Amino acid sequence: MVLAMDNLETLQTDLIKPPKAKGLPLLGNLLDLVGDPINFLRTQHERHGDIFHVSALHKKYTVIAGVEANRFMSSEGRDNFSSQETWGDFVDKTDCPHLLIGSDGEAHSYQRKLLKPYFSKAAFKDRLPLLIEPIESTMKAIQSEDVVIGPFLRNLICKQIGMVLQRTAVSTEQSEAFMLAQNTYLKIYMLGKWPRILLLNPKFIFADIKTKRFSKQLIASNKARDKQQDNFVTYMDKVEEGRAEHPEWFTDGDVHGHTMLPFVGGVDPAGGTMSFVLYELLKNPELKQRITREIDANYSEGFPSFEAMDAMEDVKGLIYETLRLHPAGYALSRTAAKDFVFSGYKINKGDEMLVFGVANHFKEEYFAKPDVFDIERYREPRNEHKTRHAFAPFGRGPHTCVANKLAELQLTVNTIVMLRHVDMELLVPLDKLKKEFTPVPFVSENFKVRFTARAV
Ligand code: HEM
């Protein structure tokens with residue numbers, strides 16, 4: 001139950017503290033939060049309910065979870081939470097003070113309004129070939145190849161984002177540089193995990209230079225395009241549009257930040273999720289056969305039409321079930337922007353929060369036999385994901401994933417093209433594969449698969 005502060009006089013909420021997860025002296029819950037945070041938060045949610053405290057060294061977090069947390073994020077998230085503190089150091093050091101993901105209030109709302117139509121599902125219909133090309137050309141060229149899945153998928157997603165948003169080819173070298181540079185910044189300035197001395201690592205320095213060079217060239221080439229002749233609208237066109245209207249929210253640094261934002265926001269979550277799609281298929285040969293049958297039935301004359309792809313229920317079930325059981329955005333970090341009450345407990349302005357909105361993904365009352373991978377849940381008559389606020393792989397509230405439709409399309413396209421063109425053989429025993437948190441969940445680095453051309 002969520003109450004406004006005006007109604008609080010009679011409640012003694014100040015005195016009652018939320019339950020606390022048991023932890024080790026000094027370390028608190030650090031090891032659990034680093035080792036398998038999804039499982040840890042799931043267990044604590046089952047034990048304590050929709051609000052509890054966790055700690056890591058000297059830091060304390062209030063976790064809110066479940067349907068109530070998602071409802072609260074959606075209806076009152078903008079007023080009660082801030083993202084600025086979470087991203088503060090990162091946006092300072094990378095000099096983009098209004099970066100979408102780290103801003104609140106009007107600057108954030110304006111950017112969302114600007115980008116919403118651009119990222120709608122319909123807007124990708126004409127751009128679908130740009131998403132298909134990077135994976136189709138790669139898969140068609142394969143005869144037999146042993147592939148380490150993590151880097152393969154990160155590169156692929158990077159290339160797709162470059163093409164579909166900028167019509168720009170990103171080389172493997174560039175994609176590796178982006179990931180190294182951005183991950184170093186994120187881990188030092190946002191997650192506080194890595195020491196600052198890593199900024200002196202020559203590999204990081206070269207990666208950073210390459211990334212900045214790409215960013216500069218992208219801005220210049222986007223400006224130089226003849227927009228009378230070329231009616232393709234790029235992501236950077238939208239940024240230029242925003243800058244013309246609100247220069248104060250699009251400083252030079254912000255514009256550079258935008259060149260990288262889709263890569264920072266997209267590569268790890270989409271790459272990590274795709275690694276679990278492949279893992280689930282390789283774990284269950286019958287499931288793989290069933291999905292391949294649906295793909296083959298729709299692919300006889302080349303990649304299916306947008307509408308035919310949209311109607312592929314088995315592929316959709318596979319993608320949704322992977323997003324449910326392996327959610328990339330499992331704990332959203334926020335700071336309380338003011339005092340408020342959640343579920344009878346007072347939250348104080350400045351409290352550090354984690355929103356575990358995917359808690360319901362693992363609850364029997366929303367998803368029958370929640371630990372079973374069941375692609376049938378997402379169709380008539382079950383439609384389990386449609387219970388309001390139960391299914392939240394893309395977050396909730398003002399910062400909910402701006403590119404969720406693109407992400408779903410990417411996962412769908414990649415699954416279809418890969419299963420159509422190659423057979424896959426796992427080169428590592430299944431029980432040697434683990435879920436690793438980077439902090440986004442990925443199948444472990446030893447995930448290696450032999451791709452062999454299919455005779456189709
Ligand atoms: C399976 C793939 C993906 C998942 C599961 C995912 C998940 C999420 C989640 C949970 C958030 C909310 C973060 C928060 O509230 O703190 C988010 C935000 C965001 N995502 Fe995604 N995402 C995916 C793919 C992508 C892709 C492909 C892109 C870009 C091309 C992208 C760009 C963004 C951006 C820019 C934000 C920040 C939005 C804002 O702050 O208003 N994401 N994503």
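Trainee: Is Trp-194 buried or exposed, or in between?

Mentor: Trp-194 is partly exposed, because its relative accessible area is 32%, where buried means under 20%, exposed over 50% and partly exposed in between, with a 1.4 Å probe and protein chains only. Bear in mind that this is a predicted model, in which local features need pLDDT of at least 70 and side-chain atom pairs count only at pLDDT 80 or more, while totals for chains, interfaces and linings use all residues. Residues are numbered from 1 along each chain as its sequence is written, and side-chain values use heavy atoms, with hydrogens and water left out.

Trainee: Where does Trp-194 lie, and what is it in contact with?

Mentor: Trp-194 lies in the loop between helix H8 (172-190) and helix H9 (202-224); helices (H or I, at least four residues) and strands (E, at least two) are DSSP runs numbered from the N terminus. Leaving aside neighbours within four places in sequence, Trp-194 is in contact (heavy atoms within 4.5 Å) with Asn-183, Thr-184, Lys-187 and Ile-188.

Trainee: Switching to the iron atom of the ligand, which donor does the protein give?

Mentor: The single protein donor is the SG atom of Cys-401, 2.4 Å away from the iron, and donors here are N, O and S atoms within 2.8 Å of the metal (3.2 Å for Na, K and Ca), with water not among the atoms, so sites may look incomplete. Cys-401 is found in the loop between strand S9 (352-356) and helix H15 (404-421).

Trainee: S9 is in a sheet, I see; what is the strand order there?

Mentor: The order is S2-S3-S9-S6-S4, an open sheet of five strands with mixed pairing, where two strands pair if DSSP finds at least two bridges between them. Strand S2 (51-56) and strand S4 (81-82) stand at the edges with a single partner strand each, so one side of each is left without a neighbour in the sheet.

Trainee: How do S2 and S3 pair?

Mentor: S2 and strand S3 (residues 59-65) pair in the antiparallel sense over six bridges, and Tyr-61 in S3 is the bridge partner of Val-54.

Trainee: And how many helices and strands are in the chain?

Mentor: The chain has 15 helices and 13 strands. Its radius of gyration, taken over C-alpha atoms, is 22 Å, close to the 23 Å that the globule rule (2.2 Å times the number of residues to the power 0.38) gives for 456 residues, so the chain is as compact as a globular protein of that length. Of those 456 residues, 54% count as buried.
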